[in-house]
Amino acid sequence: MQVLVTPDYLTLSRQAADIVAEAVRLQPPLILGLPTGNTPLGIYRELVRKHSEENLDLSRVQTFNLDEYIGLASGHPSSYHTYMRLHLFEHVNVPVERIHIPDGAPGTDTELESTCYEQAIHQAGGIDLLIVGIGSNGHIAFNEPGSSFTSRTRVVDLAIETRENARRYFASEKEIPHQAITVGIGTILEARRILLLASGSAKAKAVARALGGPVSEDVPASALQHHPQVTAILDEAAAR
Ligand code: GLP
């Protein structure tokens, strides 16, 4: 694993966006795995800037988001569909038919959706570059502690800590979903290259356990130690 420590969040975001932009330039039909949360906001801002100021062309990429809440309509203000639209897709030229986000809207057969989502990733040829954040409990995407390293896209229950961390994105506690659809750890490990991003002191403990501790299903992100092409970009606070 290559570990890059940057002085601050802005530098982290720029370095990560440079890696993505370079990969897209080398391979325009790149298949990208994309995260949500606070951490990737800077990278999306930087990709939007590169698209408008440096002609970064995303018209041939295909994107697969890593997860989505169950029970929120795609237009709900706290859905990951909305997040991706507001922070990235509205501002760049990824064709809508090349954007994939699991559908967790009310009334969806989420088991079937999970199976189809996993198949869609395979049919696309697998993920070339997958960007992932880390939860304070060491989760990746919504693979909570205890998730199998061979897990696939599926319906999961959210950990209490994960729901607490999500509180800031919801109007009230009772609106926070209890379940999500997430790609599995097995799905993530099949990506050809992985970029792990972590920023801020609240992530330092999870980062230390993920990168420096034993590989264990108690710490989902520690699975990345098994992958041959991982770059972790940490700011100083997360690396501490
Ligand atoms: C959620 C997302 C994860 C993300 C994590 C950390 O649980 N499903 O993909 O990595 O939050 O988010 P943040 O970057 O806001 O700390």
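The shell of residues around the ligand in this predicted model is made up of five nonpolar, five polar and three charged residues. Of these 13 residues, the ones that come nearest to the ligand are Asn38, Thr39, Asp67, His139 and Lys203, and the space that the ligand takes up is the largest pocket.

Several side chains of the protein can be followed from their polar atoms to particular atoms of the ligand. Aspartate 67, one of the residues that come nearest, places a polar side-chain atom 2.8 Å from a nitrogen atom of the ligand. Histidine 139, also among the nearest, has an N or O atom in its side chain that is 2.8 Å from an oxygen atom of the ligand. For tyrosine 169, a polar side-chain atom lies 3.4 Å from an oxygen atom of the ligand. As for the surface of the ligand, it exposes 390 Å² when taken alone, and 90% of that area is buried by the protein.

The side chain of histidine 51 reaches the backbone oxygen of leucine 56 at a distance of 2.7 Å. If its neighbours within four places in sequence are left aside, histidine 51 is in contact with Leu56, and also with His91, Val92 and Asn93.

The other residue is glutamate 113, which lies in helix α4, formed by residues 110-123. A polar atom of the side chain of glutamate 113 lies 2.8 Å from the backbone nitrogen of aspartate 103. Between glutamate 113 and leucine 88, which are 25 residues apart along the chain, the C-alpha atoms are separated by 23 Å.

Notes
Residues numbered from 1 in each chain as written. Predicted model: local features only at pLDDT ≥ 70, side-chain atom pairs only at ≥ 80, totals over all residues. Heavy atoms only, no water. Polar contact = N/O pair within 3.5 Å; in protein donor to acceptor, adjacent residues only side chain to side chain. Contact = heavy atoms within 4.5 Å. Near = heavy atom within 4 Å. Areas by Shrake-Rupley, 256 points an atom, 1.4 Å probe, with all protein chains shown as cover. 1 Å grid on protein atoms, 1.4 Å probe; cavity = no way out; pocket = protein on both sides within 12 Å on 5 of 7 lines; lining within 4 Å. Sits in = over half its atoms within 2 Å of the grid points. Nonpolar A, V, L, I, M, F, W, Y, C, P; charged D, E, K, R; others polar. Helix = DSSP H or I, 4+ residues; strand = E, 2+ residues; numbered from the N terminus.
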